[in-house]
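Welcome! Please take a moment to look at the sequence and the structure, and then we can walk through them together.

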Amino acid sequence: MTSQVDLPVSRLRVLVTDNLSQRGVDFLRQTPGFDVVVQNKPTPEALKDLCREMDALIVRSATRVTADLLASAPRLKVVGRAGVGVDNVDLEAATARGVVVMNTPGGNTISAAEHTVSMLLSLAKHIPQATASMKGGKWEKGKFLSVELSGKTLGIIGLGRIGSEVAKRAKAFNLRVLAYDPFISAEAAQALGVELVELTELYRQADFITIHTPLTAETKNLISAATIAQMKDGVRIVNCARGGVVNEADLYAALTSGKVAGAALDVFAQEPTTDSPLFSLPNFISTPHLGAASEEAQEAVAVEVAHQVVDYLQKGIIRNAVNAPSIPLEMLRTLQPYLTLGEKLGRLASQLCEGRLAEIHLEYRGEIASLDCVPLTVATVKGILDPIHDSVNMVNALAIAKGRGIRLIESKSTEATDFASLITVALKTDRGKTETAGTLFSRQDPRVVDIDGFRLEAVLDGYMLVFSNLDVPGVIGRMGTLLGQNNVNIAGMQLGRERRGGRAVSIVNVDDPIPASVLDEIRRMPNIVYAKLVRI
Ligand code: NAD
Ligand code: MLT
């Protein structure tokens with residue numbers, strides 16, 4: 001299988017693997033500026049070769065996006081997963097490399113819920129076994145005695161999107177529905193007509209149990225010999241969530257002993273699975289990970305992921321990212337100017353401070369404090385790290401800060417200040433503290449309004465000469481003359497001082513970079529405390 005594709009350089013390149021539904025591919029192909037390569041099920045080597053040139057990779061569940069693959073894809077900015085589970089993507093490696101990983105929650109919810117209910121009914125009514133028997137030329141009417149769902153208790157573990165849809169459908173079968181989900185409120189469960197209970201209670205009462213959690217350290221082997229022992233004798237178990245949540249060896253033992261009357265798995269610890277002791281059991285039924293394999297779901301997730309990837313590459317809009325803050329479009333319109341302000345303020349603070357960065361304290365005051373400040377924090381930290389770290393972005397900024405042992409503190413207050421909204425960035429290093437505060441003028445225009453307690457109002461853009469001096473006559477004049485003599489054009493100037501004759505801090509916005517020799521000369525001028533050239 002060839003993996004060499006000649007593509008023009010300046011266009012955005014997307015590799016699609018895993019038989020993405022055609023409508024998703026068509027959308028990508030019709031998007032101006034995009035080149036699309038479709039390579040279904042490439043070998044790992046071919047995949048690596050192809051990814052070297054790609055800006056985006058779109059996969060379903062088969063392609064394994066490993067640390068090794070990511071390391072050989074220097075241009076890669078985004079991995080789109082058409083589906084929910086991202087266990088085929090090395091998230092830690094993607095985050096470290098600043099690659100956004102997006103999934104498409106919701107696109108296959110209904111299909112997965114319908115599949116779960118089908119499994120539940122098939123389990124109760126022995127439909128797969130009866131079909132196989134008839135196809136084997138038998139008429140075994142007495143063998144397949146079923147049970148009714150009506151009046152029984154269903155226990156749902158994980159009451160998220162799919163769990164909730166299963167609950168709604170279960171009500172139609174007159175099932176009493178219990179659920180365990182530590183992250184869902186009792187009110188949300190109540191609105192679905194579901195009783196939220198502890199896990200032990202769910203095990204004690206449920207006739208049927210269905211799991212709809214992700215696979216996490218906590219849910220791995222959730223259904224094991226120990227937990228099965230807490231369940232009712234004759235319980236029936238369905239797992240259409242993730243393989244590994246049910247311990248298959250323990251399930252086999254419980255199905256053999258009759259403790260568990262029947263089980264249905266759509267997902268397995270190892271996939272594909274073509275051989276399992278479970279397949280020999282008459283009270284076990286299965287499907288090969290078909291929960292989302294409907295025409296509608298596949299089309300929905302393909303179109304969704306294609307739109308998300310294009311939006312990210314073209315406009316920087318992050319939706320449904322699992323390793324970066326997602327910002328809904330309406331929110332982005334409000335937040336974008338603040339994201340720019342935070343990033344610029346971060347860049348300024350970072351270039352003003354001296355020494356090894358130990359702590360970042362971000363304070364949001366006024367109107368901004370009532371918005372979701374998580375993306376703002378990420379943008380500001382990105383700005384702080386930008387001057388000191390290669391290739392930092394919205395995905396890896398917090399991880400890089402954490403990796404460097406930098407403490408991050410955030411505080412919020414909706415109380416009014418002199419400005420509608422104010423962001424303060426305080427940086428602590430082994431050599432001291434630097435504090436800058438900024439706001440938006442006319443809701444669009446980022447300004448720095450405070451440096452280390454000195455009030456001023458300067459445009460946050462381009463080259464900025466920031467200096468502190470003793471407030472005596474002549475300093476500003478000499479500075480202007482020196483810059484003029486060296487052909488540095490002044491675009492704006494702001495001064496803040498503590499009192500007449502005390503210390504002052506000034507910002508000179510300049511159109512051109514100031515040569516290092518001129519900067520040295522400034523630092524040697526009388527009454528100058530410090531001078532720094534900052535690039536925003
Ligand atoms: P979701 O995020 O909407 O819901 C998951 C729920 O699990 C959340 O409410 C969360 O609070 C809960 N949860 C997390 N840890 C828990 C724990 N330890 N105990 C109890 N609850 C816990 O996700 P979803 O879209 O409903 O998907 C659920 C699962 O189904 C995922 O694993 C997903 O990958 C899988 N899935 C499978 C198929 C398939 O083809 N079989 C299709 C789609 C999704
Ligand atoms: C999902 O996580 O979306 C489902 O398991 C379906 C799939 O893997 O494609």
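## The parallel sheet

Let us begin with an open sheet of 7 strands, paired in parallel and ordered β8-β7-β6-β9-β10-β11-β12. At its edges are β8 (195-196) and β12 (284-286), each of which pairs on one side only. Here strands (E, at least two residues) and helices (H or I, at least four residues) are DSSP runs numbered from the N terminus, and two strands count as paired if DSSP finds at least two bridges between them.

Within this sheet, 5 bridges join β6 (residues 153-157) to β7 (residues 176-180) in the parallel sense. One pair to look for is Leu154 and its bridge partner in β7, Val177. Helix α7 (residues 161-172) packs on the sheet and touches β6, β7 and β9 (208-211); its direction makes about 170° with that of β6. Contact means heavy atoms within 4.5 Å, and angles run from 0 to 180 degrees between N-to-C directions of lines fitted to C-alpha atoms, for helices over the stretch in contact.

## How to read the model

This is a predicted model, in which local features need pLDDT of at least 70 and side-chain atom pairs count only at pLDDT 80 or more, while totals for chains, interfaces and linings use all residues. Residues are numbered from 1 along each chain as its sequence is written, chains are lettered from A and ligands numbered from 1 in the order in which they are written, and side-chain values use heavy atoms, with hydrogens and water left out.

## Four domains

An automatic or database domain assignment supplies the domain bounds. The protein is divided into domain 1 (2-106 + 295-326), domain 2 (109-286), domain 3 (328-460) and domain 4 (462-536).

How far apart do the C-alpha centres of domain 1 and domain 3 lie? They lie 31 Å apart. Across this pair, 12 residues of domain 1 are in contact with 11 residues of domain 3.

## A pocket between domains

The second largest pocket holds about 460 Å³ of space. Its lining has 29 residues, and Gly98, Tyr312, Lys382, Asn393 and Met394 are the closest to its centre. A pocket is an open set of points on a 1 Å grid over the protein atoms alone, where a 1.4 Å probe fits, with protein on both sides within 12 Å along at least five of seven lines; lining residues have an atom within 4 Å of a point. Grid points are joined across faces, edges and corners, and the volume is the space filled by probe spheres set on them.

Helix α13 gives the largest share of the lining, 5 residues. Because domain 1 and domain 3 both give residues to the lining, the second largest pocket lies between them.

## The antiparallel sheet

In another open sheet, 4 strands pair antiparallel in the order β20-β21-β19-β22. The edge strands, β20 (490-497) and β22 (528-535), each pair on one side only. From one strand to the next, the twist averages 15°.

Strand β20 runs antiparallel to β21 (residues 503-510), and 7 bridges join them. Across from Leu495 stands Ser506 in β21. Helix α16 (residues 475-485) packs on this sheet, touching β19, β20, β21 and β22.

## Two backbone details

Which residues does a cis peptide bond join? They are Glu271 and Pro272, with omega about -5°. Pro272 sits in the loop between β11 (260-265) and β12.

His126 has a positive phi of about 55° although it is not a glycine. You will find His126 in the loop between α5 (109-125) and α6 (127-135).
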